[in-house]
Each structure stands twice: as structure tokens, then as C-alpha cells.
Amino acid sequence: MHELSVTQNILNIALDHAARAHARRITALYLVVGQLSTIVDDSVQFYWDIVAEGTPAAGSTLHFRRVPAELECRECGARFGLGRDTFECPTCGSARVQVTAGEEFYVEAIEVEGETEGESGAPGAEAEAEADETVSSPASPPGDDDPSGK
Ligand SMILES: [Zn+2]
């Protein structure tokens, strides 16, 4: 269940940023998930409700943004997406391809509710914290760095 540790990681990042922003509550998190990432949105959401309970992040919403995979051929330099079952280069047929995008998983932004005490008529002022922190998650690049080549 590696989503649990990943989710715990996200929570730590969120709480850290909320504390630095003197936020009272975390209302939303924006996560970027690469197409090749092994992260399952539903699992993260499931664990999130559990680990966030009792913290300022309780009840916050997770937003997932999927990033399409991009591959680059090491032989001919062609760049292509993942539209097929194979990782081979569509231009020259080489298997020496490199994943240039699609494995990422990180917190893009955190939406928090600021302190309201002392404020006049502005309850729940919204602030957005730039997070951009990569969550450590063991990714297994498929077909990357195959020494046998072709
Ligand atoms: Zn190629």
C-alpha cells in the first residue's frame, strides 16, 4: 500500500506550508500526477480522508491534474507520446527511448484559509501557497535504459 506513505507525505508538505503561511485551515490541494505514475487517484483520496482527520487539512479537497507521458528517442531524437502499447520509437523503431515526462507526482499548490481573528468582515480570506514540492514516490520507468538496445 504505497499510496498510504505517499499520502502521508502530501499531508506533511501541506501542514508544513500551512504553518508557514499561518493558515488556519487547508481547503484544497492541487496535485500533479504523471500518466506513468503508479499513483491511483482514488486510493490517495481514500487515504487522505483518513490521515487528514484531526489536522488542519481535514475535509480539504484533492484536485488531480494528469500530465501525459512524453518519450524521447535516444537514437533519432524524436519525441512522441504514449498512444500505443509499445515504448518503441515510431520514427526509427528503436527501443532506446527515454521518458521525459509523465512520471511526476508533486503538490502543485495548496489552498489555505488564513487567520480571521482581528480581521474586519473578511472571514476565510483565501491565500494560495506555492508548493511545487516533489513527493518521493518510487517510480518504475518502463523500458527506460535498456542496455541491450537493438
Ligand atoms: Zn527514433
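**Entry 1: overview**

I read along the sequence and found the pattern α-β-α-β-β-β-β-β-β. I counted two helices and seven strands in the chain. For my notes, helices (H or I, at least four residues) and strands (E, at least two) are DSSP runs, numbered from the N terminus. The model is predicted: local features need pLDDT of at least 70, side-chain atom pairs count only at pLDDT 80 or more, and totals for chains, interfaces and linings use all residues. Residues are numbered from 1 along each chain as its sequence is written.

I looked up burial next. A residue is buried if 20 or more other C-beta atoms lie within 10 Å of its own, exposed if 12 or fewer, and partly exposed in between, with C-beta atoms placed from the backbone. Of the 150 residues in the chain, 24% are buried.

I also looked up contacts, where two residues count if their C-beta atoms, placed from the backbone, lie within 7 Å. Among contacts in the chain with a separation of 6 or more, 73% come from residues 24 or more positions apart.

**Entry 2: helix α1**

I checked the length of α1, which covers residues 2–20. The expected span of a helix is 1.5 Å times one less than its number of residues. For the 19 residues of α1 this should give 27 Å, and the end C-alpha atoms are 28 Å apart, which agrees.

Which residues of α1 are buried? I noted Val-6, Thr-7, Ile-10, Ala-14, His-17 and Ala-18. They cover an arc of only 110 degrees around the axis, which puts them on the same side of α1. The arc is that of the directions from the helix axis to the C-beta atoms. An α-helix has 3.6 residues a turn, so residues three or four places apart point the same way. On the other side of α1 I found His-2, Ala-19 and Arg-20, which are exposed.

**Entry 3: His-22**

I found His-22 in the loop between α1 and β1. Its phi is near 55 degrees, a positive value in a residue other than glycine. Is His-22 buried or exposed? His-22 counts as exposed because it has 10 C-beta neighbours inside 10 Å.

**Entry 4: β1, α2 and β2**

I traced β1 (residues 23–34) and β2 (residues 61–67), which run parallel and are joined by seven bridges. The chain crosses from β1 through helix α2 (residues 41–51) to β2, and this β-α-β crossover is right-handed. Right-handed here means that, with the strands pointing away from the viewer, the path from the first strand over the helix to the second runs clockwise. Two strands pair if DSSP finds at least two bridges between them.

Tyr-30 is partly exposed, with 17 other C-beta atoms within 10 Å. Leaving out residues up to four places away in sequence, Tyr-30 touches His-63, Arg-65, Glu-108 and Ala-109.

**Entry 5: Ala-52**

I found Ala-52 in the loop between α2 and β2. Ala-52 is buried because 22 other C-beta atoms lie within 10 Å. Not counting residues up to four places away in sequence, Ala-52 touches Leu-11, Ala-57, Ala-58 and Ser-60. I also took the C-alpha separation of Ala-52 and Thr-7: 9.2 Å, for residues 45 apart along the chain.

**Entry 6: the open sheet**

In what order do the three strands of the open sheet stand? The order is β4-β3-β5, and the pairing is antiparallel. β4 (79–81) and β5 (97–101) stand at the edges, each with a single partner strand, so one side of each is left without a neighbour in the sheet. Neighbouring strands of this sheet are turned by 35 degrees against each other on average, direction ignored. For that angle, axes are lines fitted to C-alpha atoms, for helices over the stretch in contact, and angles run from 0 to 180 degrees between N-to-C directions.

I counted three bridges between β3 (residues 70–73) and β4. Leu-71 stands opposite Phe-80 in β4.

**Entry 7: Gly-114**

I found Gly-114 in strand β6 (residues 105–114). Gly-114 and Arg-24 are 90 residues apart in sequence, and their C-alpha atoms are 5.4 Å apart in space.
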